[in-house]
Amino acid sequence: MHTKDRGAVAVEFALVMPVLLLLSLGIFAFGHAFHIQTVLDNAARDAVRIFALEDDGDPAAQARDRAIETASSSITLTAGQIAVGPAGCPQGQNALVTITVTDFQLLGGVGNITLTGSGSMRCNG
């Protein structure tokens, strides 16, 4: 290897490294967002099951509590982010739970996206 070639390798590395770094960080960020999306879908599915089948107490509040509990290992939810309906869950209709997280930050604030998880189930089974 000639001394001139060693400088060329350093320049090529300096040009390629930022692109590879951005690509790797993008894969990591969108992989994390996909994981949180899956967590929201699972939390909504668990919550709608409670809402559609529970007859005692306040099924909507119990559904919200279940969604918060299910997602707690990955993301912090509040009751205000969870929509449950229809009121009373009339037999024969579909219960729906939707969880919306606005301003989910990718890579510590580089970009914000909105993630939504939803689940539905026929009321009373």
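**Talking it through**

Reader: Let's start with Ala83. Buried, partly exposed or exposed?
Author: Ala83 is partly exposed, because its relative accessible area is 43%. Buried means under 20% relative accessible area, exposed means over 50%, and partly exposed is in between (1.4 Å probe, protein chains only).

Reader: What kind of model is this, and how are residues numbered?
Author: It is a predicted model: local features need pLDDT of at least 70, side-chain atom pairs count only at pLDDT 80 or more, and totals for chains, interfaces and linings use all residues. Residues are numbered from 1 along each chain as its sequence is written, and side-chain values use heavy atoms, with hydrogens and water left out.

Reader: Where is Ala83?
Author: Ala83 sits in strand 1. Helices (H or I, at least four residues) and strands (E, at least two) are DSSP runs, numbered from the N terminus.

Reader: What is Ala83 in contact with?
Author: Leu96, Val97 and Thr98, leaving aside neighbours within four places in sequence. Contact means heavy atoms within 4.5 Å.

Reader: And how far apart are Ala83 and Ala60 in space?
Author: They are 8.9 Å apart, C-alpha to C-alpha, and 23 residues apart in sequence.

Reader: New topic. How many disulfides does the structure hold?
Author: One. Cys89 and Cys123 form it, with their sulfur atoms 2.0 Å apart. The cut-off for a disulfide is a pair of cysteine sulfur atoms within 2.5 Å.

Reader: Which parts of the chain does the pair link?
Author: Distant ones, 34 residues apart. Cys89 is in the loop between strand 1 (82–85) and strand 2 (94–106). Cys123 is in the segment after strand 3 (111–122).

Reader: Are those cysteines buried or exposed?
Author: Cys89 and Cys123 are both buried.

Reader: Why is the disulfide left-handed?
Author: Because the torsion about the S-S bond of Cys89 and Cys123 is about -100 degrees.

Reader: Now the core. How many residues does the largest nonpolar core have?
Author: It has 27 residues. A nonpolar core is a set of buried Ala, Val, Leu, Ile, Met, Phe, Trp, Tyr and Cys residues joined through side-chain atoms within 4.5 Å. Among the residues with the most contacts inside this core are Leu40, Leu77 and Phe104.

Reader: Which element gives the most to this core?
Author: Helix 1, with 11 residues.

Reader: What does Leu77 touch?
Author: Leu40, Ala67, Ile68, Ala71, Ile99 and Val101, not counting residues up to four places away in sequence.
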